Structures are given as C-alpha cells and as structure tokens.
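Please keep the sequence and the coordinates at hand while reading.

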Amino acid sequence: MMHGRDQSDSPIVAMKSANKAEGMAAELMEPRGGTKGKPIESATRRTQERGSVSPGLDRLRNFVRNNRKTRVTTLLHHVDVSLLRWSYLALRRNAAPGVDGQTWGAYGEGLEENLAHLHARVHRGAYRALPSRRRMIPKPDGRERPLGIASIEDKIVQRAVVEVLNVVYEEEFLGFSYGFRPGRSQHDALDALWVGIGRTNVNWVLDADVRSFFDTVDHEWLMRFVEHRVGDRRILRLIRKWLKVGVLDGAVLTAGEMGTPQGAVISPLLANIYLHYVFDLWFRQWRRLRARGNVIAVRYADDLVLGFESEIEARAFLTELQSRFGAFGLSLHPEKTRLIEFERHAAEHRKSRGLGKPETFAFLGFVHICGKSRRGRFLLWRKSRGDRMRAKLKEIKIELHHRMHETIAEQGRWLRAVVGGYFNYHAVPTNSRALKAFRYQVLALWTRSLRRRSQADRILWTRMYRFGDHWLPQPRILHPWPDQRFTVKHPRWEPSARIVHARI
C-alpha cells in the first residue's frame, strides 16, 4: 500500500477507515479525444508536434510534484508556436465565430504566419483579448442560458494556457473533483458516486446546487487563489484580461466585473481552481476534524453530491457549507438544494412514517433511485432524466422537419448517428427501459415526418419497423457495472483489501 498521500486524494472521500490507512494508486489516464472535422495536417505530424512540446511540460510536472509549496514563476515560455498550433488543431472546426468574424478554416489559411505573429504578441505583451459575442442557447427547462463566443485567437491562447496550467493544478486538485479535468469523464464521476453509495454506510444524500456559480465568481478571490500557486505575472495578466474583457451583446458592451466568461476555454479550469480552495480543501479539513461518521463526496464542476451516515451531521454540514460559500460570494439554491434519506432501508422507514417512495436526486443527466437487485439487495438504479430526454426528442423533431425531403437513406444515416451518440452516454446498467423508450419515440417522430411529406403517403408501422431495424441502433447496455470499471481504474494492492474503496 502506498503511504504519504491523504485519503482525500482518492476519487471518493469517505470517513473513518478501519485501519486509518491512507493513499491509493495513481489513476489511469484516459486518451484525449480527437477533434472533429478534416485536419489540415496529418495525424502523424500532429503527434510529432505534440510530442515535441511535452518534454518541457514533463519537466514542469516533475518540478511541481516535488515542490508543492513553491510558486511557479516561469510558465509563459511553455506557450510556444508548437503548443499554439496544437491548440488550434484541438478547437472545433465548425464553431461559431466571435466578434472578429474569423472562422477556424479562414484562420488556418495562413496558419504558420498567424501563429508566429500571435506568439510574438503574446510574449511581448501586445496581445489584446476581444470581448466575447453573446449567444443565447435553450436549456432543457425552457429557459435560455447566455453563452460567450470568444474570438479564434483568444481560444487558441486560452487553450494553450490551460494546457500549461493543467500540469500545475493536476498535482493540486483532490480525487473527488471530476469536472473538466484531463483523463476524467462524467462517467468516472458517476462510477465514483455509485461505488461510494453502494459500498459505504451512508444514509443521507445532500444534493447541493450552487446558484448561478459562473456568474457570481469573485474576481479578486479568484486571482488570489491563482496567485497562491502561480507567480508568473504574464500568465496572471492574461487571466485578468480574459476576466475583464466583457461580453458584446449586439451593440452593447458589458464589462466583466463578476463571474467567469461562460463558453470560454479557460472558464472550466478557473471554476475548478475557485472551488478547490472554497470547497475541496475546506471539506477535507472538515472531514478530518468534525465528521464522526462515514462521509463521501463527488464534485463535477459546480455540481455537488455528498453522502452522510447521520442526518444530524448532514444538517450541521449544510449549515456550515452555506456559511462557507457566503464568505466567498456564493450561495446555495434554496429550492434545488435538498437533503434526502437515501439508503437500503429508506423505503421501509418512509412507509412506517406514512410517506411515499424514497426521494430521488439527479446528477449528470441521470436520476438516481433507491432500488433492489434481483436478489433483493440494495442497488442504486440510474435512469435518464425525463426532461433531458424530452429536450433531445424536441431537437430531433425540429431537425427532421428540416430534413423532411431528404431520402430515407440520408435520414436514416443521420438518425443512426444521433441515436448512437445518445446510447453511448446513457446506455448504463439499469437504464434499459429509458433506452427502449427513446428509440421508440425517435421511430415515432420519423414516422410522422415521413407521413407529412405527402397527404397520400400513409406509411405503415410494419414498414417503419423494418426501417428502424435497419437504421436505428438497438437499445443495449454499453457501459459495464460501475464497480467493475472503478476497480480497473483505481486498483488496490493489499491482498485483503478486496474492493471496499471507502476504507482506503
């Protein structure tokens, strides 16, 4: 067993180990996903260019790992032309342009000259960030969320700076933080939560929702947190530029005084830094000094789910959490933050009090339910959120209307990609009913769309079933059980440890 690391560096935090052992093996890294679209350079050249940058970042990683209390004062020199080129290639090809009106393809026509000029401006301090262009995107609940679209050069520089800062902060962030981190996905957070609730004696779940987090981040506190580890004034100056540059909505320019620019490449990392100091480190200290029972925690960006063994301890923590957030300009949403009884005997306890079924909570697109296995044992069930599914079906309906007069083969290929992408995320164990319902609704929407192409067209369901069998993927579980994948990614080496991760 590895010693010298705190228990909170593990992917789940649990309270009161039996042997007070600490630490765990390093987590396996997932491969970085490829970018969409046709690259302007071959994959071989991209790999070689990326490899030429990594030795300097590897040395930085070793320095940060061996000097945890030392501020890193020289970082900007890692942002060279090779890293800027990699950042450009990693961007979405079909992304909307910012206020400069320049698309990914247009910037790539003179890429080497543009990158050399951008690199020179960044290093001599002549680089100027442009305001983000505001765009409203619909939310599943019918409301709209503002999204800032940065200019192409801002995206390139931000992506490069994030790559450098990730090297620093991946040595700092704790194990139960999953959002927007290299090698960690939403399913890793879902697996950790499933294992934590299923293998740890927790009876109460706190589903905490931070109200308008990205809009209420305090800039002064954020810069103080960044300066705690980063001492390169040029990097700090770039971050201040991106925070203060503001948003252009039509002809109205709104200065950035609070929050992080939503949609910017740098925003997820800044959010993680802010919550690392406001919540993660404070929670680890609270667990060490205050907790008397088992405690688990999983955080994905500003989504927090915690489990407690005692209701009294859970309510005391909630009161302290509200006070802690208030000191840094944050607040919990009073209607979306809930403390619910969620454990093996929740149904029996609620029935004895004359209440209905156990309450559920939503996390990362799934509703989590107190269920039972076929043998009658406690099992955490997960099913796709109904509102998210309806929103996706609405998008498909609108797009089918636009594709109404395409051939059946063209529509079928598009629907195959859409349904397959939905299944790739939602095809988890215990969610087969939702997958079947989604596929059936897609087939029904396709049928209505084909029937509306002509008043004389009354396509039969028997024919549509043949179309569905040919074009639409069949609903089947694609993800393993969470404990199996979690055990592979976070192995334990003690012969008698088995799989009970909460006792690491």
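The points below cover salt bridges, then a sheet.

The structure is a predicted model.

- Asp483 and Arg199 form a salt bridge in which the closest N and O atoms are 2.9 Å apart.
- Because Asp483 belongs to helix 17 (residues 482–489) and Arg199 to helix 6 (residues 186–199), the pair ties together parts that are 284 residues apart in sequence.
- Asp483 has a relative accessible area of 15% and is therefore buried, the cut-off being under 20%.
- Arg199 has a relative accessibility of 31%, so this residue counts as partly exposed.

- Asp469 forms a salt bridge with Arg439, and their closest N and O atoms are 3.8 Å apart.
- This pair links distant parts of the chain, with Asp469 in helix 16 (residues 461–471) and Arg439 in helix 15 (residues 432–451), 30 residues apart.
- The 3.8 Å separation counts as a salt bridge because the criterion is a nitrogen-to-oxygen distance within 4 Å.
- Asp469 is exposed, at a relative accessible area of 55%, whereas Arg439 is buried, at 11% relative accessibility.

**Other salt bridges**

- A salt bridge also joins the side chains of Arg403 and Glu399, at 2.9 Å from N to O.
- Glu399 is partly exposed, with 26% relative accessibility.
- Arg65, Arg68 and Glu171 are linked in a network of salt bridges.

- Strand 10 (residues 366–372) and strand 11 run antiparallel and are joined by seven bridges.
- Cys370 has Leu380, in strand 11, as its bridge partner.
- In general, strands of a sheet pair through backbone hydrogen bonds, and this pairing is either parallel or antiparallel.

Methods:
Residues are numbered from 1 along each chain as its sequence is written. This is a predicted model: local features need pLDDT of at least 70, side-chain atom pairs count only at pLDDT 80 or more; totals for chains, interfaces and linings use all residues. Side-chain values use heavy atoms; hydrogens and water are left out. Helices (H or I, at least four residues) and strands (E, at least two) are DSSP runs, numbered from the N terminus. Buried means under 20% relative accessible area, exposed over 50%, partly exposed in between (1.4 Å probe, protein chains only). Two strands pair if DSSP finds at least two bridges between them.
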